[in-house]
Structures are given as C-alpha cells and as structure tokens.
Amino acid sequence: MILRLLGWQGIAGLALAAACALLLLVQKGETRHWRRQSGHYEQLYRSSETALAGTIANYRAAAERARAADLATAARVADAQRAITERTADDYQNRLAAARARADRLRRESASAATDPGARRTTPVSGVSAAPGEPAQAPGQDRLPHPDRLTATEQAIQLDELIKWIRRQQAVDPNARRP
C-alpha cells in the first residue's frame, strides 16, 4: 500500500535518501580514520623535528669541543715550539760565548808565545803529506787568518744550531694527545 501511495518517484526519492544516508555514514567513518592518521603523522613529524633539533645540538656541541681541542693543541704546540726556540737560542749563545772565549785564549797564547819564544817549547809537527799531484804544504799553511777562523766557527755553530732547531721543531707532533 505505501508503495502505491508513493509511486515510482517516491520510491526513487527514498532510495536516493537511503543512499545519501549510507554515503554520509561512510564519509563520517573515513573522516574519523583520516583524523586518527593525521594525528599519528603529526606525532611522527614532531618526533622527527625533535630528533633533528637534538642532532643539530649534538653536532654544534661536538664542533665546539673540537674547536676547543684544536685551540688547546695549537697552544700546546706553540708552547713546545717556543721552548725549543728558546733552548736553541740559549745553546747557540752559550756555544758562541765558548768559541769566542777559546779564540781570545788562543789569541793571548799566540801573542805571549810571539813575545816570549822560549815560554812554549813544542816539538814541530811535520806537514801533512800532499795528495798525489798536489804540492806539499807546511803545517798551518792551509789555515784561515785568525778573524776569519772565528767567523767560520761562529757560522758553523749557527748552522749546527739551526739544524738542531729544525729537527726539534719537526719532532713536535701536533696530532699527539696530551698526556
């Protein structure tokens, strides 16, 4: 009976209303599902952002520690090199002073021997035999004049101390850990 009253248009309207209600229910279910998914994705995003911020902070802290370690190493190396330089300069000055004192002593002995020939009696030393094809030389003939000998000695000491300084500087390891 109701079907006769409604007619085909009424039945189509009821079917359409039922279909719309069913679609509305499905849409509500989908909306709830995607809200839950959205909340889950938001949590994942926030946790990844937090992790990224933590990683950045860790990298910055590590970089700062490395910078501080580099500064400490640079200071340690500079101190070691400064100490080497000071020690080498002191050794150089001491050796120069000893060489100059020895040169003064020899000059005085030479002067006193020239004024008093009987004061120092030494046996004459024969000359060094010449190499084949070279003329023989008398003893002392191949020596430099006295001021030049002192200059040559000073330069030899200077070069020797420079070589020692370079070797000591090279021995400083900038990558060594502090004890």
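Guide: Let us begin with Arg 46, which is exposed, with a relative accessible area of 53%, and please keep in mind that the model we are looking at is predicted.

Visitor: Why does 53% count as exposed?
Guide: Arg 46 has a relative accessible area of 53%, and because exposed means over 50%, Arg 46 falls into that class.

Visitor: Which residue does Arg 46 form a salt bridge with?
Guide: Its partner is Glu 42, and the closest N and O atoms of the two are 2.4 Å apart. Both residues lie in helix 1, where they are four residues apart, about one turn of the helix.

Visitor: And is Glu 42 buried, exposed or partly exposed?
Guide: Glu 42 counts as partly exposed, since its relative accessibility is 38%.

Visitor: Okay, stepping back, how many helices and strands does the protein have?
Guide: The secondary structure comes to two helices and zero strands. Helix 1 covers residues 2-115, while helix 2 covers residues 146-171.

Visitor: What share of the residues is buried?
Guide: Of the 179 residues in the protein, 8% are buried. The accessible surface comes to about 15,100 Å², and 59% of that surface belongs to carbon and sulfur atoms.

Visitor: Where is Thr 88, and is it buried or exposed?
Guide: Thr 88 lies in helix 1, and at 6% relative accessibility it counts as buried. Not counting residues up to four places away in sequence, Thr 88 touches Glu 161, Trp 165 and Arg 168.

Visitor: Tell me about Trp 165 then. How far is it from Thr 88?
Guide: Trp 165 and Thr 88 are 77 residues apart in sequence, yet they are 6.2 Å apart in space, going from C-alpha to C-alpha. Trp 165 is found in helix 2 and is partly exposed, with a relative accessible area of 30%. With residues up to four places away in sequence left out, Trp 165 touches Ile 84, Thr 85 and Thr 88.

Visitor: What about contacts across the whole protein?
Guide: Among the contacts with a separation of 6 or more, 79% are between residues 24 or more positions apart.

Visitor: Back to salt bridges. How many are there?
Guide: A search of the whole structure finds eleven salt bridges. One of them is between the side chains of Arg 168 and Asp 91, at 3.9 Å from N to O. That pair links distant parts of the chain, with Arg 168 in helix 2 and Asp 91 in helix 1, 77 residues apart.

Visitor: Are those two buried, exposed or partly exposed?
Guide: Arg 168 is partly exposed, with a relative accessible area of 25%, and Asp 91 is also partly exposed, with a value of 27%.

Visitor: Last topic, the surface. Where do positive charges gather?
Guide: Lys 28, Arg 32, Arg 35 and Arg 36 gather in a patch of positive charge on the surface. Of these, Arg 35 lies in helix 1 and is exposed, with a relative accessible area of 62%.

Visitor: And which residues make a nonpolar patch?
Guide: Leu 6, Ile 11 and Leu 14 make a nonpolar surface patch of about 250 Å². Leu 6 has its place in helix 1 and is partly exposed, with a relative accessible area of 37%.

Terms used
Residues are numbered from 1 along each chain as its sequence is written. This is a predicted model: local features need pLDDT of at least 70, side-chain atom pairs count only at pLDDT 80 or more; totals for chains, interfaces and linings use all residues. Side-chain values use heavy atoms; hydrogens and water are left out. Patches are made of residues with over 30% relative accessible area and no salt bridge: like charges are joined within 9 Å, nonpolar side chains (Val, Leu, Ile, Met, Phe, Trp, Tyr) within 5 Å. Accessible areas come from the Shrake-Rupley method with a 1.4 Å probe; for residues, only the protein chains shown count as cover. A salt bridge is a side-chain nitrogen of Lys or Arg within 4 Å of a carboxyl oxygen of Asp or Glu. Buried means under 20% relative accessible area, exposed over 50%, partly exposed in between (1.4 Å probe, protein chains only). Lys and Arg count as positive and Asp and Glu as negative; His and the chain ends are not counted. The place of a charge is taken as NZ of Lys, CZ of Arg, CG of Asp or CD of Glu. Contact means heavy atoms within 4.5 Å.
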